[in-house]
Amino acid sequence: MKRNRSFCQLFLLSFLVIVMTIITFSIISVEARKNNHRQNMINKRLPKRHTRGRATSPSPSPSPSPPMSTNTFDIMSFGAKGNGISDDSQALVVAWRSACKVGGATVLVPSKLKFLLKPLTLQGPCMPDLTLQIDGTLVAPEEASSWPKSSLYQWINFKWLQNFTLKGSGTLDGQGSNWWTTSSSSEPYNYETQKSYSKHIPYMKPTAVRFYSSNHITVRDIRILNSPLCHLKFDNSKGIQVTNITISSPQNSPNTDGIHLQNTHDVQIQHSDIQTGDDCVSIQTGCSKVHVHHIMCGPGHGISLGGLGKDKSVACVSDIIVEDISMKNTLYGARIKTWQGGNGMVKNVRFSRIQVYDVMFPIMIDQYYCDKHACKNQTEAVVISGVKFNQISGTYGVQPIHLACSNSLPCTDVDLIDIQLRPSVKYQGLLQQAVCWNSYGTSQGPLLPSSIDYCLRSGGGSIKRIARSHDTLCY
């Protein structure tokens, strides 16, 4: 009996040991799994390490790569050197292509560095709100002879863009001095002389910055210097805003227009300083709804519409407002120029509140424009109608006003209002009488010199009817 009881006690004890062992093992297994899960989570958060044998070491630092995690694409991350000697064109193009795919992206040209760019094209279509921010300096190839013959139209070409901004505190330097050289820098520019000057200088000269077939474009704050030809050009575009830019080239640099518009609509150019060897702003055929205001202009050739109608072409320009302008030491002030033999129409143009300082010809309409010593007389002309000159004041060097309109199609609806022009002390020996030829319209005082009051003819009803017949060519 005692033996049976001892056996039962031994069996019960063994059973309890086995149960406790199973429970303890289970608890340890659960804790182990928990610890392993925690370690895995920690490992995921830590940077991965590569192992070589038993030792572990941090992975090497990656080489610079495009910053795809942000919307800023610094061209230094794409291989640009920024020393002004190495060609950084490809770095800019690759950065542009990457940014073009990202909405609201910015291509950055960093400050305090100089980047040599050969002629290139930055094109769309791109995602909306792309920005090129130039805080450093971009320089064009210095030697004219080094430019590829296939790339003489422009230095930096933007095309097929929508909702794009070009801005920054930097500079675009076209290094155009080699392109302007003539037989003597003291001589005035001569077309034939320049054409034959040197076989090392290409006949065609590039524009510094050109926008083609692009809409809703903003250009602001940058500086554009020393372009071989025109500094900033908009062609076949719409919705242009130019604000607070500086354009500069020497007074004797030929054909270096500041801003050139062609076949472009809905334009505002404002609060800028333009000093060139040609027109501060040039408005060509196919332009309408252009507003130019608060511009410092000079030296240069003033603000011009044309030349229009060259080689018997049709020219159409309308709804132009130029106001609140300061012109100093310019050849012309407010000017419209057309070629004989052309066709089309210029209408609804207003020049207002323009201050002139030592400007040779402050007010000019010239329907006999010619860039040679002599041009053949022709009867056809681009019709000019609805032009207002209002509050033009200051000093002139040669003529206060020059209105030379076509014999067959005189200018009509020309208004002269509150003109106050005095001869410049600086140019006393050059003074000439005003030219007033075949211009119809009205004048309102005060007018100085008083001879301006007799500059315009009254009437011209039959001429207006003839002029309106040219509307169908344009509108």
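1. Start with a definition. A residue is buried when its relative accessible area is under 20%, exposed when it is over 50%, and partly exposed in between. Now take Met 204. Its relative accessible area is 33%, so Met 204 is partly exposed. Keep in mind throughout that this is a predicted model.

2. Where is Met 204 found? Look in the loop between α4 (191–196) and β13 (207–212).

3. Next, turn to helix α2, residues 89–99. Eight of its eleven residues are buried, so the rest of the structure largely encloses the helix. The buried ones are Ser 89, Ala 91, Leu 92, Val 93, Ala 95, Trp 96, Ser 98 and Ala 99. Trp 96 has a relative accessibility of 2%, so it counts as buried.

4. Now for the rings. A pair of aromatic rings is described by the distance of the centres and the angle of the planes. How many aromatic pairs does the structure hold? The count is eleven. Trp 96 and Phe 158 form a tilted pair, with 6.1 Å from centre to centre and 55° between the planes. Trp 96 belongs to helix α2 and Phe 158 to strand β10 (residues 154–159), so this pair ties together parts that lie 62 residues apart in sequence.

5. Stay with Phe 158. Is it buried or exposed? Its relative accessible area is 1%, so Phe 158 is buried. Phe 158 forms a tilted aromatic pair with Phe 164 as well. Here the centres are 5.4 Å apart, and the angle between the planes is 35°. Phe 164 is buried too. One aromatic cluster takes in Trp 96, Phe 158, Phe 164, Phe 211 and Phe 234.

6. Phe 164 comes up again around Thr 131. Thr 131 is found in strand β8 (residues 130–134). With a relative accessible area of 11%, Thr 131 is under the 20% limit and therefore buried. What does Thr 131 touch, leaving aside residues up to four places away in sequence? The contacts are Ala 105, Thr 106, Val 107, Phe 164, Thr 165 and Lys 167.

7. Two charges sit over rings. The charged end of Lys 159 is placed over the ring of Trp 160, 4.3 Å from the ring's centre. Arg 335 lies over the face of Tyr 332, at 3.8 Å from the ring centre.

8. Check the backbone next. Most residues other than glycine have a negative phi, and most peptide bonds are trans. Which bonds are cis here? Among them is the peptide bond from Gly 306 to Gly 307, with omega near 10°. Gly 307 lies in strand β23 (residues 303–308). A cis peptide bond also joins Leu 448 and Pro 449, with omega about 0°. Pro 449 lies in the loop between β32 (439–448) and α5 (461–468).

9. Finally, look at two positive phi values. Asp 319 is not glycine, yet its phi is near 60°. Asp 319 is found in strand β24 (residues 314–328). Its relative accessibility is 34%, so Asp 319 counts as partly exposed. Asn 438 is also a residue other than glycine, and its phi is near 55°. Asn 438 has its place in the loop between β31 (435–437) and β32. Its relative accessible area is 9%, so Asn 438 is buried.

Definitions and conventions. Residues are numbered from 1 along each chain as its sequence is written. This is a predicted model: local features need pLDDT of at least 70, side-chain atom pairs count only at pLDDT 80 or more; totals for chains, interfaces and linings use all residues. Side-chain values use heavy atoms; hydrogens and water are left out. Buried means under 20% relative accessible area, exposed over 50%, partly exposed in between (1.4 Å probe, protein chains only). Helices (H or I, at least four residues) and strands (E, at least two) are DSSP runs, numbered from the N terminus. Rings of Phe, Tyr and Trp (its six-membered ring) pair if their centres lie within 6.5 Å; planes under 30 degrees apart count as stacked, over 60 as edge-to-face and the rest as tilted. A charge sits over a ring if NZ of Lys or CZ of Arg is within 6 Å of the ring centre and within 35 degrees of the ring normal. Contact means heavy atoms within 4.5 Å.
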